[in-house]
Amino acid sequence: MAGVNLSGIIKRYGAAQVVHGIDLNVAEKEFVVLVGPSGCGKSTTLRMIAGLEEISEGDLEIDGRRMNRVAPKDRDVAMVFQNYALYPHLNVADNMAFGLRIRRMPKDEIATTIAETAEILGLTEYLQRRPADLSGGQRQRVAMGRAIVRHPKVFLFDEPLSNLDAKLRTQMRAEIKRLHNRLGVTSVYVTHDQVEAMTLADRIVVMNDGRIEQVGTPMELFNNPANTFVAGFLGSPPMNQMKAQLTETGARVGGSEINLARPINGHAGRDVIIGIRPEHVTLQPGDQTTALPISLDLVEPLGSEALLHARFAETEVVFKAETHGNIAHLQGVSEVHVPAPLVQIFDAETGRALSLEH
Amino acid sequence: MVDRNTGIGGNPVEEVVIEAGEALRDRAKSYTPDTNWARMVDHFKREWQLYVMLAPTIIWFIVFLYKPMYGLQIAFKDYSIFRGVANSPWVGLEHFQVLFSNEQFIRAVWNTIKISALNLLFGFPAPIILALMFNEILHATYKKTAQTIVYLPHFISSVIIAGIVITAFAPTGGIVNIILGWFGMDSIYFLTRPEWFRPIFVGTGIWQEAGFGSIVFLAAIAGVNPSLYESAVVDGANRWQMMWKITIPSILPTILIMLIIRIGNIMEVSFELVILLYQPATYETADVVNTWIYRQGLQSGQYDLAAAAGLFNALVAFVLVMTANSLSRRFSQTSLW
C-alpha cells in the first residue's frame, strides 16, 4: 500500500490553466473523494495521478517516489473508468486477465487470481459472458475486478457509478465501501455526486474552478464549511444562504434579528452571509432558538420528511421538517426556529467562514 | 440566497429523452387508423418529406438497374436489333453452351478469378494497414499531409493513371527501367509481357485506391472508445499491443462488412483499367470476363452472347456474396443483412 502526495500540481492546456496548484496528501489505505461541479478539474487531477495527462508543474509522489515522468504502467495504479472501458470483444475472464497477460503473469496464476476476484465480486457465473450480455451493475463489477486483479498500490475511480440508475448506484456504492474496507487499498475517487462523496470518503476534497476549496472528513465539511461554495455544494437540499448584517447581539436579516449565541467582538455592522442548513430548523421553539417568520410557498412530501419551500427576508429558502406520516400540520407553518449554535457565518465579500474570535 | 443550485440537479439528457418518449407516445395516441390503408395514408401525410428525399435514389435504381434487367432475356434469345428484344426467338441455353465451349471465355473467367484473388490478398489488407499506420501518427500536420497524398490517386481519371503506369514502365525513359539500369539490368517491356500484367495491375489498383479505401477504416478506428486505450495504457500495454488487442478487434465488424462487399464485386475487375493497360500480347493473363464481353458484345455485335456472359458473371457474384454473408453471420455475428 502507498500514499499519494500532490504538491503544487498545475495543469495547462496551451495558455489555459485548468488546475491551479493542488496540494493534497492521501494517506496509506485512505479513501479520498474529489468532488466538485463539472469542469472543476477533479478528473484532470485524477488523470494526472494515473499518468494519462502530463503534469505541467508541481510534484506527484506515489509511495514516496516522484512519478511525474514515470509511465502509467510503472506507477502501479489501477483505474476504473466512468464508462467501464471493458473490451467488447473479450469475455469477462479475458477482460479481467488483460492487464495480467500484458505483464506476462503465468497462466495458472492468472486463472487463480481471476477466480478469487470473481468470487469476491460475485462474477463467477458470468466469467464467459461478453460485456454486452451483462447489466450495468455487472459491467461495473467487472471494471472493478480488472483493477483489483492487478493488486495495485492505488485505486483510481473516475465517476464509476454515474452511468448507473439511482438504485444500482446505491448498491454499488455500498459494495465499493465494503471492498475498500476488505482490501484496504489507497483510493482516490472522483465524483460530482455529493451523496457518493459523503458516504464513501474518509476525507472529501471539494474542488471548484481548478482549486481545492476545502479538505476534511464528511462531517467536518458538512458542519463547518470553509466557504459559501462548500456550504452550497454539500448537503441536499444545500445550505440556505442569505445576506445579513452583524449587530451587537446577532445578525439582522431583513426585518428579523437572528440570535448567534456567540460574542460579536467588534464585528457589529459587518456585512455577512449567514447559512442555515435545511435540517437544522425546528417547528417548535427550543433552547437558544430564533423564530424566523416565513411565507410558505410549497410543501414537498418525501415520506418521513417534507421540504418546505418558502420565502424569508425576500430570499427563497428550503427547510426540512418531519412529517410523522402526515403533512397537514405543515401546510400552515408561518415560522421556523433556528438554533443559534448551528448558524454559519461567512464574509459577504470573500465568502469565507468567519470565526468572530477577535 | 446564494449558490442555491451549485449542487446536483436532474440530468438534462435524461429529461430530453423522457420528453421525446412522451412526445412519441402522445403522437401514437393522437391517431387511431382503422385499416392498414388508412395507417399508410396517415404515415405518408406525416413523413412525405422523407419520401421526397428518397425518390431520386429509387428512380435512379429503377431506371439504371431494374429497367435494363428487361434486356437480360436476350441471353436466352437469338437477338436481332431489327426484331427487338421482345420479338427475337428463344434459343434456351444455347448461348451458355457456346460460352462454356469457348476457350477464350474460360480463360477470361480464370483470369478474372486470379486477378480478383490477388486483389483480395494484397488489395484488401492494404487500406486496413494504411489506416492502422495513420492512426499511429501523432503529429497532426504530418498525418493530414500523408493522408492527402495517399487519397489523391483516387481522384485521378483511370486514363491518366494508365498513362502514368505506361510511362513509368516504358522500356526507354520509364522510371522503373531506369532504376533497373542502375543495377546493371536490361530493360524490360513490362506491358507486353503476360507474366507482368497481373502484378502491375494489382499494384496500380492498390496505389490508386488503398488511400481512399482507408477512410472507412479510419472512421471505424475513430469510433473506438478512447477509454479502452487509456485503460490499456494503465494496464501496461504498448502501442503494438493496443493495435492488436484493441484496434483490430474493435474494427473487425467493419473489416468483415467490407470483405463481404469486396467478395460481391470479385467478378468486377476494374474494366476500364484493364482495357487501358492490356494489349493482344497480354490477353493470355489480362483478358477478363468484362473485357471479353466488351469485345464480343460491342465490337463483334454479339449482344446475346455478351448478355449470357454478363448474366453468368452476376450469378457468380450473387452466390459469392450470399455465401460470404452467411459465413460471416455464422462465425462473427456480423453481416450485411
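Helices here are DSSP runs of H or I with at least four residues, and strands are runs of E with at least two, both numbered from the N terminus. The model is a predicted one, in which local features need pLDDT of at least 70 and side-chain atom pairs count only at pLDDT 80 or more, while totals for chains, interfaces and linings use all residues. Residues are numbered from 1 along each chain as its sequence is written, chains are lettered from A and ligands numbered from 1 in the order in which they are written, and side-chain values use heavy atoms, with hydrogens and water left out.

Now to the pockets. On a 1 Å grid over the protein atoms alone, a pocket is an open set of points where a 1.4 Å probe fits, with protein on both sides within 12 Å along at least five of seven lines; lining residues have an atom within 4 Å of a point. Points are joined across faces, edges and corners, and a volume is the space filled by probe spheres set on them.

The largest pocket comes out at about 970 Å³. It has 27 lining residues, and Leu65(B), Leu72(B), Glu268(B), Gly310(B) and Ala314(B) sit closest to its centre. Helix 16 of chain B provides the largest share of this lining, 10 residues. The lining splits into 19 nonpolar (Ala, Val, Leu, Ile, Met, Phe, Trp, Tyr, Cys, Pro), seven polar (the others, Gly among them) and one charged (Asp, Glu, Lys, Arg).

The second largest pocket has a volume of about 810 Å³. Its lining takes in 30 residues, with Asn119(B), Gly205(B), Glu209(B), Arg262(B) and Glu268(B) nearest the centre. Helix 10 of chain B gives the most here, 11 residues. This lining holds 16 nonpolar, 10 polar and four charged residues.
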